[in-house]
Amino acid sequence: MTSHVLPTVFLVEDEELTRAGTRHYLGERFEVVGEADNVTDAVAMIREREPDLVLLDVRIKEGTGDLVVEQVRKTHPDVKFLALTVSTSRSDVVRLLRVGVDGYLTKAAVGVDLPKLTRDALRGAKPISRQVAAYLLDIDEDVTDESGVTRLTPREREVVALVAL
């Protein structure tokens with residue numbers, strides 16, 4: 001990652017109006033170092049610009065956000081990814097969480113809190129929208145001993161339910 005005074009963010013979103021709104025909410029607290037509306041451009045530009053965090057829609061031109069995460073993480077494992085989407089579909093949530101996004105936010109739930117949640121993700125927190133937290137608990141129910149994924153303890157399940165945005 002390059003040296004910047006402000007944390008650097010890259011936007012992956014296929015709607016120009018949404019990108020403009022996101023830039024507005026991020027304000028002067030982050031440096032937006034690039035934008036892309038499709039998988040190919042996103043991967044190339046993220047690798048080139050090495051942002052601290054990528055705000056990523058689930059569905060974009062040429063595919064889905066998980067393709068971007070998978071390809072970038074092969075060469076830049078330290079880049080953080082925060083899903084920012086309208087989708088609360090279980091399949092989208094599961095797919096993005098399985099590739100290792102650092103949080104999953106729904107656009108309807110974020111609004112003016114976007115800068116704080118982005119900064120939280122940069123600090124290692126895993127911001128999750130309330131609508132998505134239930135899927136985490138459901139996914140945990142599907143975990144088998146052979147999956148290699150550790151099941152949540154009862155207390156961890158309680159915390160997931162409480163900390164969801």
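1. Lys107 and its helix. Lys107 sits in helix H5, which spans residues 107–110; helices (H or I, at least four residues) and strands (E, at least two) are DSSP runs, numbered from the N terminus. Lys107 is partly exposed, at a relative accessible area of 23%. The classes used here are buried for under 20% relative accessible area, exposed for over 50%, and partly exposed in between, with a 1.4 Å probe and protein chains only.

2. Basis of the model. This is a predicted model, in which local features need pLDDT of at least 70 and side-chain atom pairs count only at pLDDT 80 or more, while totals for chains, interfaces and linings use all residues. Residues are numbered from 1 along each chain as its sequence is written, and side-chain values use heavy atoms, with hydrogens and water left out.

3. Surroundings of Lys107. Leaving aside residues up to four places away in sequence, Lys107 touches Glu13, Thr18, Asp57, Leu84, Thr85 and Val86, where contact means heavy atoms within 4.5 Å. With Glu13 there is a side chain to side chain polar contact of 2.8 Å. A polar contact is a pair of N or O atoms within 3.5 Å; within protein, one must be able to donate a hydrogen and the other to accept it, and residues adjacent in sequence count only if both atoms are side-chain atoms. Thr85 is 22 residues from Lys107 along the chain, with 5.4 Å between their C-alpha atoms.

4. Cavity. There is one cavity of 30 Å³ or more, and the largest cavity holds about 60 Å³ of space. A cavity is a set of points, on a 1 Å grid over the protein atoms alone, where a 1.4 Å probe fits but cannot get out; lining residues have an atom within 4 Å of a point. Grid points are joined across faces, edges and corners, and the volume is the space filled by probe spheres set on the points. The lining of the largest cavity includes Lys107, Glu13, Thr18 and Asp57. E1, H1 and E3 each give at least two residues to this lining, and H1 has the largest share, with three residues.

5. Helix H1. Arg19, Thr22 and Leu26 are buried in helix H1 (residues 16–26). Viewed down the axis of H1, the buried residues fall within an arc of 60°, so they line one face of the helix; the arc is that of the directions from the helix axis to the C-beta atoms. An α-helix has 3.6 residues a turn, so residues three or four places apart point the same way. Exposed Leu17 and His24 are on the face of H1 turned away from the buried side. The cover over the buried residues of H1 includes E1, E2, E3, E6 and helix H6 (114–122). Gly27 follows H1 and has a positive phi, near 55°.

6. Nonpolar cores. The largest nonpolar core has 27 residues, and Ile46, Val68 and Phe81 have the most contacts inside it. Such a core is a set of buried Ala, Val, Leu, Ile, Met, Phe, Trp, Tyr and Cys residues joined through side-chain atoms within 4.5 Å. Elements giving two or more residues to this core include strand E1 (8–12), helix H2 (39–49), helix H3 (65–75) and strand E6 (80–85). H2 supplies the largest share of this core, five residues. Apart from this core lies another, of 13 residues, among them Leu82, Leu84, Val110 and Ala121. Beyond four places in sequence, the residues that Ile46 touches include Phe10, Val12, Val68, Val72 and Phe81.

7. Ser87 is in the loop between E6 and H4 and is buried, with a relative accessible area of 8%. The side chains of Ser87 and Asp92 make a polar contact of 2.5 Å. Not counting residues up to four places away in sequence, Ser87 touches Arg59, Asp92, Tyr104 and Thr106. Ala108, in helix H5, is exposed at 77% relative accessible area. Its C-alpha atom is 9.9 Å from that of Ser87.

8. Glu50, in the loop between H2 and E3, has a positive phi of about 45° and is partly exposed at 24% relative accessible area. Glu62 has a positive phi of about 75°. Glu62 lies in the loop between strand E4 (59–60) and strand E5 (63–64) and is exposed, with a relative accessible area of 53%.

9. Whole chain. The chain has eight helices and seven strands, and 43% of its 165 residues are buried.

Notes. 1 Å grid on protein atoms, 1.4 Å probe; cavity = no way out; pocket = protein on both sides within 12 Å on 5 of 7 lines; lining within 4 Å.
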